[in-house]
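Thanks for coming, everyone. I have one structure for you today, and I'll keep it quick.

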Amino acid sequence: DSDDTGYMGQFASIRGCSAVTAACMMVKREIFDRVAGFDETYRVGFGDTDFCLRVREMGYANLFTPYATLYHHESATRGQSVESDPHLEDTRHFMSRWQKIIRQGDPFYNPNLPLDRQPQPGERLFL
């Protein structure tokens with residue numbers, strides 16, 4: 001919902017993050033070229049996340065802004081996959097390439113928060 005401000009207002013403020021979706025991404029051409037663009041070995045998923053992690057690895061920042069509105073129609077240009085799990089190879093490739101970062105955890109996400117859902121209002125999260 002576009003009115004949802006997110007946990008602690010995270011959807012309502014410009015903030016750093018590890019990655020953003022390529023469905024709505026802006027990057028300077030010189031940075032895009034410096035990190036060698038998207039890794040085209042990713043067939044369906046993770047190409048944007050991989051790109052953003054390489055951008056961070058080069059010392060640049062990824063920012064989220066709530067001041068952009070767009071409508072994204074998932075798979076509209078590439079079509080729906082007929083494979084049972086089109087992300088399986090991409091997942092393996094991503095996990096292999098970024099296992100160290102994945103183990104360390106996302107520096108922009110509080111490790112006390114759940115990974116499988118958004119925190120609910122009034123939910124006790126800390127022991």
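Is F46 buried, partly exposed or exposed? F46 counts as partly exposed, because its relative accessibility is 26%. On that scale buried means under 20% relative accessible area, exposed means over 50%, and partly exposed is in between, with a 1.4 Å probe and protein chains only.

Ground rules now. This is a predicted model, in which local features need pLDDT of at least 70 and side-chain atom pairs count only at pLDDT 80 or more, while totals for chains, interfaces and linings use all residues. Residues are numbered from 1 along each chain as its sequence is written, and side-chain values use heavy atoms, with hydrogens and water left out.

Back to F46. It lies in the loop between α1 and α2. Its phi is positive, about 75°, although F46 is not a glycine. Most residues other than glycine have a negative phi. A36 is found in the loop between α1 and α2 as well. Its phi is positive too, near 65°. A36 is exposed, at a relative accessible area of 61%. And just after α2, G59 takes a positive phi of about 95°.

Next, the overall layout. The protein chain has four helices and two strands. Along the sequence the pattern reads β-α-α-β-α-α. Helices here are DSSP runs of H or I with at least four residues, strands are runs of E with at least two, and both are numbered from the N terminus. The chain has 127 residues, and 22% of them are buried. It exposes about 9900 Å², with carbon and sulfur atoms supplying 53% of that. Those areas come from the Shrake-Rupley method with a 1.4 Å probe; for residues, only the protein chains shown count as cover. Now contacts, meaning heavy atoms within 4.5 Å. Of the contacts with a separation of 6 or more, 68% are between residues 24 or more positions apart.

Let's go to α2, residues 47-57. How many of its 11 residues are buried? Eight are, so this helix is mostly covered. Those buried residues are G47, D48, D50, F51, C52, L53, R54 and V55. What covers them includes α1, β2 and α3.

A pair of aromatic rings is described by the distance of the centres and the angle of the planes. Rings of Phe, Tyr and Trp (its six-membered ring) pair if their centres lie within 6.5 Å; planes under 30 degrees apart count as stacked, over 60 as edge-to-face and the rest as tilted. By this rule the count is four aromatic pairs. Take F32 and F38: centres 5.5 Å apart and planes at 70°, so that pair is edge-to-face. Then F38 and F51: centres 4.9 Å apart and planes at 40°, so that pair is tilted. F38 sits in the loop between α1 and α2, and F51 in helix α2, so the pair ties together parts 13 residues apart in sequence. F51 is buried at 1% relative accessibility. F32, at 24%, counts as partly exposed. F38 is partly exposed at 35%.

From α3, look at R97. R97 is partly exposed, with a relative accessible area of 38%. What does it touch, not counting residues up to four places away in sequence? D39, Y42, D50 and R54. Focus on D50. R97 and D50 are 47 residues apart in sequence, and 8.7 Å apart in space, C-alpha to C-alpha. Their side chains make a polar contact at 3.1 Å. A polar contact is a pair of N or O atoms within 3.5 Å; within protein, one must be able to donate a hydrogen and the other to accept it, and residues adjacent in sequence count only if both atoms are side-chain atoms.

On to strand β2, residues 62-64, where N62 sits. N62 counts as buried, at 8% relative accessibility. Its side chain reaches the backbone oxygen of S18 at 2.9 Å. Leaving aside neighbours within four places in sequence, N62 has contacts that include R15, G16, C17, C52 and V55.

Last stop, the segment before β1 (15-17), which holds I14. I14 is exposed, at 52% relative accessible area.

That's my tour. Over to you.
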